[in-house]
Amino acid sequence: MREGNLMVNLRQMVIDLRPENLVFRDNFYQLLRKELQKTGGKTLGLDLSYSLILGDFIGSDLGLKTPLYAQAIAPIFTATEQEQLESLRLVCLSALAIDLPESKDCRSLLASPANISSEINVFRGVLTLVQTRFNGEVNFANTFFLQSIDAQGAIFTQPTNWTEARFSRAVSFNGASFRQLSSFSGSIFFNKANFKQVQFQEVSDFHGCIFADSANFNQGGFKQVAKFSSVQWQGDVDFSEVRFANQVQFTKASFEQFLFLIETSFEQAVSFRETQFNQSVNLKGASILNQADFSDAKWAKDTFLNIPGLTFNSNQAKILGNPGQIGKMFRVPSLQGNQNVLRNLGQNFRQQQQIADTNQLEYTKQRLRLIELTRRLMATNINSADTANLQKLGFSANQASAIVERRLSKLFRNRSELLTLADIDLETYNKLSDRLVVSEPLSFGGWLLQAWGWLALSVLLLLSGYGTNFWLVFGVGGVAIAFFGLIFWLVDRYRRLHPVAIIPTNSEAISILVSFSCLTFFSLLAIFRNSEQPWLTLGCLLIIIVPLPVALICRLYQQGRYHDLMDVSYFTEDGTMRQLRLLIGRLPIIPRNQTFRERYMPLLSDRGWNWLNYYDFSLNNLVRLGFNDIRMRDEHLPGIIATLAWYEWSLGVLYITLVLWTLSRTIPGLNLLIYLK
């Protein structure tokens, strides 16, 4: 009796099963099979701990053969054992929800009708192989283990065959050594699988396995090819601190929970092609020395690759992935310590001409820079905060005094230096460290410069994704063009009600409002589809374009309009030609010259399509492109209306710069064309 289990005790023995010892080998299997397959009472386990097995060990011959079909399971099994055998169907159904299982047992069970002829060897008891050494081949193929397996420190010097094995209880191969080919292909692990510190010195084959619970390969080593293709990992998977000296294949695998690759070393190519990730992958401190292929991988919502401290040299290694997708998957918690990681990844995708992924990494980098700037401006700087502010933050009076006294002699270089003070305990440090920054004390002027940099960076990120998203810039411009077009139509066509009404017709009002709604809708659609923070983007845009024009319009209607040429449009068009023009040097108001006044004629207010001219003028102001050269007249023009035109024109200088910058970053080769021009 060991730990509540009846065991056949073959510990610390030398068991010779070589062909020249044929009589003993046959008697050994016959006698052992007879004991292990006894019915009634408690089942017997097998303990081979610290033993030496000479010759091949055919463990599958020790099991009891039974059909897998539920109605044909042998009645000699207890109710609990029958439930375990039938649980295979549930695991197969669960695997089928992800993909078609590789296991032939699953295919037999899920067939219609079920394949009654499919049989399996059932090992009913506990199997203990602690520090056991097998000098020959080990074969447990097509075996269903109803109890746990403990093979800690076992040594397999020849090939091992666990193909199509079924492990109903926990499995432990901690510290085991597989010195030749080891095949677990098509196996199913119903419970926890522990391969911690295991050493695979030759090819290891886990192709088509199903891990229904967590799997732990922590601190293991794979010297030859590791095959994990089409494996379904339904629990957490831990490959932390594993060294893969050769190729690793995770092709078409499925990870339902978290995958940990912390400080894992990939010395040769690793493939995640067509792999399904339903949770995040942690690559913190990992090393990719050759190639990592994520092509055609499927990512669930909110999944990402956590890569702080990733060792990756773009001149020697590559990371592959679907263009426009893989760049969005990378995450780092802070810019400090990870700038080189992001730079190498950007260089990697630039070499592959995946501009969208390069830009996405640049966006990630600048967003982290914005977070750092925000902390530097808003958080408490322990090198400049006075005692009162330190106490307000959460430090005691003694702790605040100790901090002030320490920095008089030497400024803090990092937050961890707080622990060198006798008054600062670890609990206080952990509680307040995230709310502190350590930097050189800033003067008021320096603070203003950093605040200006923060504002400019925020606007660039919100309105263009830091020059990485043209459709976002397009949406921003569309809203601005529609808004200013409506404003100019309003001030030009709706002038007064008394004494003589100067107002637009109902049909014109309906046309301008419908067109404004449509243009705004499609522009907002572009913003909400392409911005990571669409409401902040929209808020930033409205702050820029709305307050000043609305204030000017309110003042315009408050004071009224009393001037000559009241019934003539403020807007004029070049009557000498009508064509699509690029108007880079155009100003919004015509020169005060009689020749120009003859060329530029007032807009005709009695035309049904007249409302289009106001959008044309707004387009001219913002992007320097229009179907006609429309400007404002120079005579009897209210200053408020001129101010509106110059305001949009000034915004247009900034906007066209943003457009050209974004195009140069998103379209390969266009930057060279722009620079040459």
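The largest cavity is lined by L36, L44, L62, V122, F123, R124 and G125. Here a cavity is a set of points, on a 1 Å grid over the protein atoms alone, where a 1.4 Å probe fits but cannot get out; lining residues have an atom within 4 Å of a point. The model is predicted, so local features need pLDDT of at least 70 and side-chain atom pairs count only at pLDDT 80 or more, while totals for chains, interfaces and linings use all residues. Residues are numbered from 1 along each chain as its sequence is written, and side-chain values use heavy atoms, with hydrogens and water left out.

The structure holds one cavity of 30 Å³ or more. The volume of the largest cavity is about 30 Å³. That volume is the space filled by probe spheres set on the points, with grid points joined across faces, edges and corners. The lining divides into five nonpolar residues, one polar and one charged. In this count Ala, Val, Leu, Ile, Met, Phe, Trp, Tyr, Cys and Pro are nonpolar, Asp, Glu, Lys and Arg are charged, and the others, Gly among them, are polar.

V122 and F123 of the lining fall within strand β7 (residues 119-123), which is mostly covered. Four of the five β7 residues are buried. Buried means under 20% relative accessible area, exposed means over 50%, and partly exposed lies in between (1.4 Å probe, protein chains only). Strands (E, at least two residues) and helices (H or I, at least four) are DSSP runs, numbered from the N terminus. Two strands pair if DSSP finds at least two bridges between them. Strand β6 (residues 64-67) runs antiparallel to β7, joined by four bridges. T66 has I120 as its bridge partner in β7. Strand β11 (residues 143-145) pairs with β7 in the parallel sense over three bridges. There, N121 is partnered by T143 of β11.

An open sheet is formed by 12 strands, in the order β1-β3-β8-β12-β16-β20-β24-β28-β32-β36-β40-β43, with parallel pairing. Its edge strands, β1 (6-9) and β43 (330-331), each pair on one side only. Within the sheet, β12 (residues 149-150) and β16 (residues 171-172) are linked in the parallel sense by two bridges. D150 stands opposite S172 of β16.

Nonpolar side chains tend to be buried together in soluble globular proteins. A nonpolar core is a set of buried Ala, Val, Leu, Ile, Met, Phe, Trp, Tyr and Cys residues joined through side-chain atoms within 4.5 Å. The largest such core has 87 residues, of which F57, W162, F228, W233 and F239 touch the most other members. At least two residues of this core come from each of α1 (22-36), β3 (44-47), β38 (291-294), α4 (339-351) and α5 (355-378). Another core, of 46 residues, lies apart from it and includes V476, F488, L556 and M632. Contacts of W162 (heavy atoms within 4.5 Å) take in F140, A141, F145, I149, F156, F167, F173, F178, S183, F184 and S187, not counting residues up to four places away in sequence.

Strand β46 (residues 571-574) pairs with two other strands. Side chains alternate between the two faces of the sheet in a regular strand. In β46, F571 and E573 point one way and T572 and D574 the other, and all are buried. Strand β50 (residues 630-632) pairs with β46 in the antiparallel sense over three bridges. T572 stands opposite R631 in β50. Strand β48 (residues 600-602) is also antiparallel to β46, again over three bridges. In β48, T572 has P602 as its bridge partner.

Several loop residues were also examined. Q316 is found between β41 (311-312) and β42 (318-321). Q316 counts as exposed because its relative accessibility is 63%. L289 and N290 are in contact with Q316, not counting residues up to four places away in sequence. N348 is 32 residues from Q316 in sequence, yet the C-alpha to C-alpha distance is 9.8 Å.

Most residues other than glycine have a negative phi, and most peptide bonds are trans. E274, not a glycine, has a positive phi of about 60 degrees. E274 lies in the loop between β34 (270-271) and β35 (276-277) and is partly exposed at 39%. H636, also not a glycine, has a positive phi of about 50 degrees. The loop between β50 and α16 (639-666) holds H636, which is partly exposed at 36%. The peptide bond from H498 to P499 is cis, with omega near -5 degrees. P499 lies in the loop between α10 (470-493) and α11 (506-530).

Conventions:
On a 1 Å grid over the protein atoms alone, a cavity is a set of points where a 1.4 Å probe fits but cannot get out, and a pocket is an open set with protein on both sides within 12 Å along at least five of seven lines; lining residues have an atom within 4 Å of a point.
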